[in-house]
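Trainee: Could we go through this model together, beginning with the sheet and then turning to the ligand?

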Amino acid sequence: MEDMRLADRTASARENKITARGVQVYYGTNHAIKDVDVDIADRTVTAFIGPSGCGKSTFLRCLNRMNDTIPICRVEGRIEIDGEDIYDKRVDPVQLRARVGMVFQKPNPFPKSIYDNVAYGPRIHGLTRNRAELDEVVEKSLRRAALWNEVKDRLTSPGTGLSGGQQQRLCIARAVATSPEVLLMDEPCSALDPIATAQVEELIDELRENFSVVIVTHSMQQAARVSQRTAFFHLGNLVEFGETGQIFTNPRDPRTEAYITGRIG
Ligand SMILES: Nc1ncnc2c1ncn2[C@@H]1O[C@H](COP(=O)(O)OP(=O)(O)OP(=O)(O)O)[C@@H](O)[C@H]1O
């Protein structure tokens, strides 16, 4: 009985991590996101797909308030993480971004050493008490990003000296170093070659054991490979959201079907 309750709790912990209701985003007069409701499950990879300009990145950036940094951008509606309104006045966006990490399209390591790139977040958020603890976090994050073996002997070398694929894994290590609950990835493989892409995709699959991952991708093959759930956006609307297999094999909306069969986009 006790075990069952534990199992129930585990199951519900994997339910919804993020709940968005009635989200609208405007850039000046451009209505970029139109009344979007979505539930992002915990420990799951959710892919956002859709034609260029449909609002995938805009909606992704709502989830860690990155749009706050764009002066003409206005966000309405309600977005909760574990039931907490992330747009509440009391929420510090910098703290929020430690909980909701982000990896961008182009690898953007800081002009610092490999070690300092990964140590940056734990340092500014005061997450470790001493050098030994920081060393441990750096190693663990680099291992999680499948980069440790390649860089362990040159941690003091500049992060910018790594290959593109290694730099992107360094950015993933930097993002996971603050132990975020959610990892947002905006086309993380678009600047990578097929081998580096395969490595990052494999990594995404491993990351979902610990994080809720949301990935924007232009590649439907990538969405099909890495995600369990897929959201299809079109002209600022969330047209369809469901299990990835269903979206790709049995879409319910004609616009989704048109996109996945290559008729729009
Ligand atoms: N920083 C910004 N300032 C003004 N308008 C913006 C900004 N970012 C996006 N937009 C507008 O918002 C709409 C949605 O753009 P967004 O980049 O979110 O789409 P997307 O689906 O991610 O596109 P892509 O696949 O091409 O990256 C577009 O009309 C775009 O021009």
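What follows is a short exchange on strand pairing and on the ligand shell.

Mentor: This is a predicted model, in which local features need pLDDT of at least 70, side-chain atom pairs count only at pLDDT 80 or more, and totals for chains, interfaces and linings use all residues. Residues are numbered from 1 along each chain as its sequence is written.

Trainee: Which residue of E2 is the bridge partner of Ile18?

Mentor: Strand E1 (residues 16-27) runs antiparallel to E2, and eight bridges join them. Within this pairing Tyr27 stands opposite Asn30, while the partner of Ile18 is Ile40.

Trainee: Which element gives the most residues to the shell around the ligand?

Mentor: A residue counts as near a molecule if its C-beta atom, placed from the backbone, lies within 6 Å of it. The residues surrounding the ligand include Tyr27, Asn30, Lys56, Ser57 and Thr58. Two or more residues come from each of strand E2 (30-41) and helix H2 (56-62). The element that gives the most, with three residues, is H2.

Conventions
Helix = DSSP H or I, 4+ residues; strand = E, 2+ residues; numbered from the N terminus. Pairing = 2+ DSSP bridges.
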